[in-house]
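Please look over the sequence and the model shown below before reading on. The paragraphs that follow take up the nonpolar cores and then the sheets.

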Amino acid sequence: MTDPTAPWRGSWVWAEKAESVGRTVVALRRDLDLGEVPDGVRCRIAAVGRYALFVNGIEIARGPARSNPRRGVYDVVDIGSSLREGVNCIGVLAWCWSHPMPWWHPLPAGRGGLAAGALALDADLDALATDTTWSALTLDGWETSRPEGIPGRGVEVVDTRSLPADWLEAGAAREWPAAVTLAPYSPGMPRRTTPPSYPLGPVLRREPRASVVERRLIPSGGTWTTGDIGVVSGTLRCDIEGPAGAVVEVRVAERRGRDGQPQPDHNDTGFRLVTDGSRRIVESLDPYGLSGLVISSPAGVAVRDVTVVERTHPLTGGHAFECSDPRLNDIWSAGRRTVTLCSHDAYVDCPTREQRAWVGDAVVHQLVDLATNDDWSLARWYPLMAAAPRADGMLPMVVGGDAEATDNLVIPDWSLHWVHAVWNLYRYVGDRTEIARLLGVVEGVLHWFGPFCDDTGLPRDVIGGVLIDWAAVRTDGISASLCGLWGRGLLEFAEMAQWLGDIGRVNWARATHARLAAGFERLWDPDRGRYADTIADGNRLPMASQHGQASAIVGQLAPVTRWQRLVAVLTDEQQLVHAAFDAADGPALPNAELEIGGYLDKGRPEPWWDVNRQVVRAQPFFRYVVHDALDVAGRRDLVASACLDWSVAIERCSTSLGETWYGGTTCHGWSATPTRDLTTRVLGVEPGEQGFATARIAPALGPLEWARGSAPTPAGPLRVTVDRTELQVESPLPFRVGAATYPPGAHVLAAPPDVRPAAPA
């Protein structure tokens, strides 16, 4: 709407007695006769569940974004360009699940009459608002089975017999029943039919953005593949013809075998089509991630075409990276594609299996977007969407989905990664209102650890699943990694509170950090010159990891005089070991295709490696912290070489980066750290002050001869070309190189000392 504060005119509507197994789908429509089409028609849409909006057969938007229902979301879209003089058809498919899904957190059962599904819509046009003039039809046979296994999704069914092919044509389907209005009730509130309605706001306004790309699959008998594109993500659109009632099974596959054919496994799912006796274009409602699929159909059914309709967060600005090592160019591109595939209505862990919005995973997605994408709307939405604390101040491990609804586990370190995401917004966006809104939630997360602290200020025996990552890192007792992440969060909180002028919060955070740093000395192992991973049952255990050393640096718990020693521990290839609890008896070698997370129920096996000498390598997710530690310690020159570790991921899948070094999904957004680092550490482009009012350019080529690329800023693209002798900068805003500050424009400078060749011995 032009005025987002205006009271809603559109009522909550639904189909009468709409009820199906697992999922209820309702088609709503009305004709709209216009003498003339105004310039720009803004439309508000709220839904309990999901919707797809069509105007004259053209899809306008899908939404709303997943969220905790107690902070509902509504969308604002412009439909003016799709309207025409005369009769228009406004159509909506709306659906709601009866059970939690990876992307759906139900309303409390039996409250307010909305829990089974509802839609509200109004627009700048007085004649366009949901009420009983709309028609509404429950689509029989569009149910879904109960979720199964870790992916948490069942099999959806699309029965074309219940939805006429011409339902989006003006004047069609007039025999449908009238929509019914819903009047949600809560004691003490009037029975009004318009939003907001307890317990659903909606209170958060969004403008949905999606880049829509149609990717046709390549047929081969009963299988279809993506060719050399690799993983794709979206709804499945099938051109299909068959006798009425024929059932077609579509099974997606994340991976393909050596023969190139799709190989669905227990983590893959699919959907079921029922034909109506005609040739139809049929599209799933749920999105799928896949590299191929298998279609099983009875005699007489012809599948003529299959297309994946990707609706991912827009990637704008055309930013790129190129350097003298082509392997890094490929890694940068694969990481960027990975984050795109994992950017839906929220940042999700992977497009192929769960599609859950994990609160900690998304910090890497956010950093990649901030460094490589002009559109920061999802990078800003993620911290706000995830700011849904439990009563104790801790965040759910997943937001807007089944894991939040059941609330049977938290991952405390995931909330600390979310704190870092808020700090990233402080640096890149610098919106005081935005940070002030989130700072109270940050404080609640940090205070959560206080009751677990022993008399030295170290959190001990923290409840929940302290994951860190999939490497073999002990976290029982007192965890070095968790202490370091908490320490980082305390310092970032203090910095943001200082910026907002809240000295009381600053003093608390700094005092708590000082006590933590003093106590952290207990984890220092002077004989081995490194930090131990844990103190368990009062004993400092000998196991050590990259995670513990890196966390000690980024949390500034280790004295500065030790940082270079810790850098040596982080980078000593002779001592680093591929160890994971999922591999009980030996190395979790790259691309070994081990099962992920099985130890969580069976328990952690005893170390098989030399714990007195070797140091456990971080898996791809925690490497963002490891690389941050190298930067904090003044060794960003080591980052380019470190990013080459992702070459093994490119061997496994050339277009996206996998979950771990040794297996898991082939497209996992938390693994995309090199894309961030090659732009921010090798090219060296970062904010120079809050809100990117100025830029800081500090390139570090390491072994590279040259690098070039661009990065987004609020003022426009910032381009850098650097080699061993020269630094070229085209900047739309002032920037700093070393101690010198330069005005906007094009500049040719001598290469900073960090990228010049070493002097002869």
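In this predicted model, the largest nonpolar core holds 156 residues, and the members that touch the most others are L328, W418, F449 and F520. The element that gives the most to this core is helix α7, which spans residues 480–499 and supplies 11 residues. Leaving aside residues up to four places away in sequence, L328 touches C323, A640, C643, L644, L678 and L704. Apart from this there is a second, separate core of 81 residues, whose members include C43, I45, W97 and V232. As general background, nonpolar side chains in soluble globular proteins tend to be buried together.

Turning to the sheets, six strands form an open sheet with mixed pairing, in the order β10-β18-β17-β21-β15-β14. Its edges are β10 (156–159) and β14 (218–220), each of which pairs on one side only, and the twist from one strand to the next averages 20°. Within this order, strand β17 (residues 247–253) and strand β21 (residues 292–296) run antiparallel and are joined by five bridges; V252 has L293 in β21 as its bridge partner.

Another open sheet consists of three strands in the order β24-β27-β28, and here the pairing is antiparallel. The edge positions are taken by β24 (478–479) and β28 (539–540), each pairing on one side only. Strand β27, which covers residues 534–536, is joined to β28 by two bridges, the two strands running antiparallel, and the bridge partner of A536 in β28 is N539.

Terms used:
Residues numbered from 1 in each chain as written. Predicted model: local features only at pLDDT ≥ 70, side-chain atom pairs only at ≥ 80, totals over all residues. Heavy atoms only, no water. Pairing = 2+ DSSP bridges. Helix = DSSP H or I, 4+ residues; strand = E, 2+ residues; numbered from the N terminus. Axes fitted to C-alpha atoms, helices over the stretch in contact; angles between N-to-C directions. Core = buried A, V, L, I, M, F, W, Y, C linked by side-chain atoms within 4.5 Å. Buried < 20%, exposed > 50% of the residue type's maximum accessible area, 1.4 Å probe, protein only. Contact = heavy atoms within 4.5 Å.
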